[in-house]
Every structure is written in C-alpha cells, then in structure tokens.
Amino acid sequence: MNTDELIEAVMKWGREHKIDNPVMQALKVNEEVGEIATEITHNRLHGDGMIDALGDSLVTIIILADILGYDPRKCLQEAYDVIAKRKGETVDGCFVKEQ
C-alpha cells in the first residue's frame, strides 16, 4: 500500500469501529505518544517496541484528524510549509526556532 492508501485505510478502520469521540481519541493519542517516551527513556530506540509505538501514534493522530473533519495529509502539508521556511539553529540535537 502507498501512503495515501494507508491513510484512507486507517480512517476507514476508525469509522468502521465507530471511533468518533474526539476527547477519548485525544487521550489515546497521548497514551501512544507516552509509549514513545517510554521507549526513549529506556534507551530502546531501535526495535519492535519503538516501531509499534510510532505506528500506533500515527494511527491515533490520523483517526483524530478524521474525527475532527481534517485531512491528515493537508495538516501535515501545512505544518511542513511552515517549518520549511523556519529559521533557527540546532542545539543539542533539537531545532530551536528563531524568535
């Protein structure tokens, strides 16, 4: 499957499973992102746990965007268009935008 097909399949899955509560889905996003943090803090940067945590986070965000009536591709494009023009510097491996 290509990326567009995957996004459509995830949104379809969410609809078929009647996932439609934005508050509960936002909590699910937070839970899955927390799993990424757990993997990082335990220095498990490469492996099945991280792949699962990243994938689950993406799925929950795609479903949340769909619940709210947003196309996740458009959200990503708009965010990229902003950061592509952003100026700043990288400090300790983290980009700090210019004020």
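Buried means under 20% relative accessible area, exposed means over 50%, and partly exposed lies in between (1.4 Å probe, protein chains only). The arc is that of the directions from the helix axis to the C-beta atoms. An α-helix has 3.6 residues a turn, so residues three or four places apart point the same way.

This is a predicted model, in which local features need pLDDT of at least 70 and side-chain atom pairs count only at pLDDT 80 or more, while totals for chains, interfaces and linings use all residues. Residues are numbered from 1 along each chain as its sequence is written, and side-chain values use heavy atoms, with hydrogens and water left out.

## Overall layout

The protein has four helices and two strands. Helices (H or I, at least four residues) and strands (E, at least two) are DSSP runs, numbered from the N terminus. From that end, the order is α-α-α-α-β-β. Along the principal axes, the C-alpha atoms fill a box of roughly 45 × 35 × 30 Å.

Of the 99 residues in the protein, 19% are buried. The protein exposes about 7,600 Å², and 59% of this comes from carbon and sulfur atoms. Accessible areas come from the Shrake-Rupley method with a 1.4 Å probe; for residues, only the protein chains shown count as cover. Take the contacts between residues at least 6 apart in sequence: 55% of them join residues at least 24 apart. A contact means heavy atoms within 4.5 Å.

How far apart are the end C-alpha atoms of H2? They are 28 Å apart, which agrees with the 28 Å that 20 residues (22-41) should span at 1.5 Å a residue. The expected span is 1.5 Å times one less than the number of residues.

Asn21 caps the N-terminal end of H2, with a side-chain oxygen 3.0 Å from the backbone nitrogen of Val23. Thr41 also lies in H2. At 64% relative accessibility, Thr41 counts as exposed. A polar atom of the Thr41 side chain lies 3.1 Å from the backbone oxygen of Thr38. A polar contact is a pair of N or O atoms within 3.5 Å; within protein, one must be able to donate a hydrogen and the other to accept it, and residues adjacent in sequence count only if both atoms are side-chain atoms. Asn43 follows H2 and has a positive phi, near 55°.

Is Glu39 buried or exposed? Glu39 counts as buried because its relative accessibility is 12%. Leaving out residues up to four places away in sequence, Glu39 touches Arg44, Leu45, Gly49 and Met50.

Helix H1 has 14 residues and reaches 20 Å from its first C-alpha to its last, close to the 20 Å expected at 1.5 Å a residue. Ile7, Val10, Met11 and Gly14 are buried in H1. Down the axis of H1, these residues fall within an arc of 95°, so they line one face of the helix. They pack against H3 and helix H4 (72-84). At the start of H1, a side-chain oxygen of Asn2 reaches to within 3.0 Å of the backbone nitrogen of Asp4.

Which residues make up the largest nonpolar core? The five are Ile7, Val10, Met11, Ile62 and Ile63. H1 and H3 are the elements that give two or more residues to this core. H1 supplies the largest share, three residues. A nonpolar core is a set of buried Ala, Val, Leu, Ile, Met, Phe, Trp, Tyr and Cys residues joined through side-chain atoms within 4.5 Å. Beyond residues up to four places away in sequence, Ile7 touches Ile62, Pro72 and Arg73.

## Positive phi in the loops

Lys18 is found in the loop between H1 (3-16) and H2. Its phi is near 55°, a positive value in a residue other than glycine. At 67% relative accessibility, Lys18 counts as exposed.

Asp92 is found in the loop between strand S1 (88-91) and strand S2 (94-97). Asp92 is not a glycine, yet its phi is positive, about 50°. Its relative accessibility is 82%, so Asp92 counts as exposed.
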